[in-house]
Every structure is written in structure tokens, then in C-alpha cells.
Amino acid sequence: MTLEAGVVAVQGDVSEHGDAIRRAAAAHGEEAVVHEVRQSGVVPDCDLLLLPGGESTAISRLLAREGIDEEIVAHADAGKPVLATCAGLIVASRDARDDRVETLGIVDATVDRNAFGRQVDSFEAPLDVAGLAEPFPAVFIRAPLIDDVGPDVEVLATWNDRPVAVRDGPVVGTSFHPELTSDARVHDLAFFETAEVEA
């Protein structure tokens, strides 16, 4: 089976996410064709969607300008999987606590931008993630903090007792950058709801 995967490509680690999606699909004997989404009209044809990091105010502005924002919401409302990472999680959230960010509201959570500090405060940590047998090597770069989540949101991982990975229906959001490792298990968990990719 061939999956049509969209990676929103207005900012962020587009090629790294594409590689991780292909590895996750291959673990299930499937092929993923990755499309870089820079304009409207691509998302409706995608089976799965990835919203990567970058600068959340710029991402939200570009999504709205190109009309991609409404397509992402429709994708999630249709029950199709979405993985939103770092700034992508901020944009996907219900509230970014920043009026400059036009959030999509597909993750019922309030997010604090750059809560883990500046670029120099970036770090890597082994993270216990629900559904993964072994810790995931999470890379935090100017990471957002999930302040609170709605009643139907599942917390998949915490760091210092604060949520850093959540699932809200078909949408998985992470504060960290899963694409910056060779480990595709978070992509697998988001898109296939299993973790068959080798760590």
C-alpha cells in the first residue's frame, strides 16, 4: 500500500521528517510518498500530515495566508493522523498564550512558547513514552511547555512532571524534535499507533 504523506514545508526540518515517515511506513511493509506542503490543495489528498517546528508566529501566518490552516483542521476533523512537533504543536494547540500565533485548535491544550529556555538551553533526554517499549532520545530545542490539557487528551510523556507529548484523537503533539534522531518510533506511534520501528 502507498501512503500519501504531507509535510508542511513553510519552515522546519522537512527532509528529516520525510525520512522518518518513510522508515515508519517501511516497518509496516508500506511505502510513503512524501509531499512538501507550501500551498493549498495538497493536504486534502494526504493520508497523514506532519506539522514541523520552526517559528510559530511565522508558521501560523503563512498557513493562514496560503489557506492551508483550514485544510489541516479538516484533515484532523476527518480523523486522519497528524504529528505536530515543537512549534508545530504550538500552532496546533487551542491556546499558545500569544496573540501573534493563530492557533488551529486541533489539540485541546494550552502551550507556553519557549518555556524550556533559549537555544543555548537545548538538551537531549531519554523519555518514557506511552506505547514505546524503550525510552526515546528526545531532543528539546527552545521547546514549548504544555500547561494544561483537555479531558479527552492523553498524556503520552512527561518531563519534570509536565506533559511533553500528548494525543488528542488523531493528533499527536510533541514538545521535542523526534526527527533529529535516527529513531522513527514517535512517527510510527503517531501514524500507525504502534511502535514497530527499531530504536
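Accessible areas here come from the Shrake-Rupley method with a 1.4 Å probe, and for residues only the protein chains shown count as cover. This is a predicted model, in which local features need pLDDT of at least 70, side-chain atom pairs count only at pLDDT 80 or more, and totals for chains, interfaces and linings use all residues. Residues are numbered from 1 along each chain as its sequence is written, and side-chain values use heavy atoms, with hydrogens and water left out.

**Exercise 1.** Find how much accessible surface the protein chain has, and what share of its residues is buried.

*Solution.* Start with the surface: about 8,500 Å², with 44% belonging to carbon and sulfur atoms. Next, apply the burial rule (buried is under 20% relative accessible area, exposed over 50%, partly exposed in between; 1.4 Å probe, protein chains only). Of the 199 residues in the protein chain, 52% are buried.

**Exercise 2.** Decide whether the radius of gyration of the protein chain agrees with that of a compact globule.

*Solution.* For 199 residues the rule gives a value near 16 Å; the protein chain has 15 Å, so the two agree. The C-alpha atoms fill a box of roughly 40 × 40 × 35 Å along the principal axes.

Technical notes
The radius of gyration is taken over C-alpha atoms; the globule rule is 2.2 Å times the number of residues to the power 0.38.
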